[in-house]
Amino acid sequence: MAKCKKERKIKVSALIVTHNRIEKLKTTLDATLEASFDHIVIVDNASNDGTDEYLRSIKDARLHIVILEKNLGGSGGFHEGLRYIRETIDTDWIVLYDDDAYPAQGTIDRFRQYEYSDDVGAVSAAVYLPDGSISEMNRVRVDPFATIGSAIRFFFDRSRLYLHDNAYTNTAPIDIASSTFVGLFIRKSILYKAGLPQKKLFIYGDDLMYTLSIKRKGYRILFDPRLRFVHDCQTFDQAKDVYQPLWKVYYSYRNRILVYKEMAPKLYLLFAALQYPSWRRKASYYREQKVFLQLLHLAISDALKQSFDKRPEDIESFIQSIQQR
């Protein structure tokens, strides 16, 4: 999978999406500027915490700043960032990540040492938390619906969706089905063939659906454990699948149903029905259990109706209405 080093230095660009996390962004950008990127594109998702001024104070010819007038969420931010790169940036590969993530030292140089075959459309790095443990929310996925037998096993053991820990200690790339947008390298040419990620999802699931679309175009996606990213994520309780703030619950469950539909159009309703009892049990991890359950039911309803019109302020109003009853 990895051949000799290319004679021509391949061009690698970073794409970071940020919203109102200036302190996290400073750490991310410090590490990014130290890496050997050819271009660094930052999409500011209508931040109002001084992010704009901070970014404009940085003097680095590699830096491109895209300011959005409205917060479009991660999905909209990556959509617009990739559109910008497709139209204006000369690069071979683009690596996507959040404003609380960054490449480990030497990762970009290491990526350039490998030449992936032309049928590889994307390469996912191994993503770790700052303490060195695997970031569960960024654990890469395999295809549980590859065979009838694997699909049946998946119904009763959701962990079969993910690569196990031993894959992270290997030294060779592994074929996978999908990945998150933290530490994901994609060929720029893919943007002309697979299009852009769906911006309507706001947050969660856009990355998985996009990598699945790359697979449908006939390209392979690899997990390369030799490439490392750090994700200083505090939204997600890894052990319990708990999200804070509470409005993120809605997008998580709505969009995971849509991801299941993308993976298995004929089986996703059955799988969602089988998952529903375990989803309900997650309420015990939340102080406001009633609110969680109402959000879950709203998410399921909107997923089935393909409704994408609700923004965070709409979900927060919904939460307040439940709390006031």
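1. Tyr 128 is buried, at 8% relative accessible area (buried means under 20%, exposed over 50%, partly exposed in between, with a 1.4 Å probe and protein chains only). Tyr 168 is buried as well, at 6%. The model is predicted, so local features need pLDDT of at least 70 and side-chain atom pairs pLDDT 80 or more, while totals for chains, interfaces and linings use all residues. Numbering runs from 1 along each chain as its sequence is written, and side-chain values use heavy atoms, without hydrogens and water.

2. Aromatic pairs number 20, counting rings of Phe, Tyr and Trp (its six-membered ring) with centres within 6.5 Å; planes under 30 degrees apart are stacked, over 60 edge-to-face, the rest tilted. The pair Tyr 128 and Tyr 168 is edge-to-face, because the centres are 6.0 Å apart and the planes stand at 80 degrees. Tyr 128 belongs to strand β6 (residues 120–128) and Tyr 168 to the loop between α5 (148–156) and β7 (174–176), so the pair ties together parts 40 residues apart in sequence. Strands are DSSP runs of E of at least two residues, helices runs of H or I of at least four, numbered from the N terminus.

3. Trp 247 and Tyr 251 are also edge-to-face, with centres 5.9 Å apart and planes at 90 degrees. Both residues are buried.

4. One aromatic cluster contains Trp 93, Tyr 97, Phe 111, Tyr 114, Tyr 116, Phe 185 and Phe 229. Arg 226 lies over the face of Tyr 114, 3.8 Å from the ring centre (the criterion is NZ of Lys or CZ of Arg within 6 Å of the centre and within 35 degrees of the ring normal). The charged end of Arg 228 is placed over the ring of Tyr 128, at 3.9 Å from its centre.
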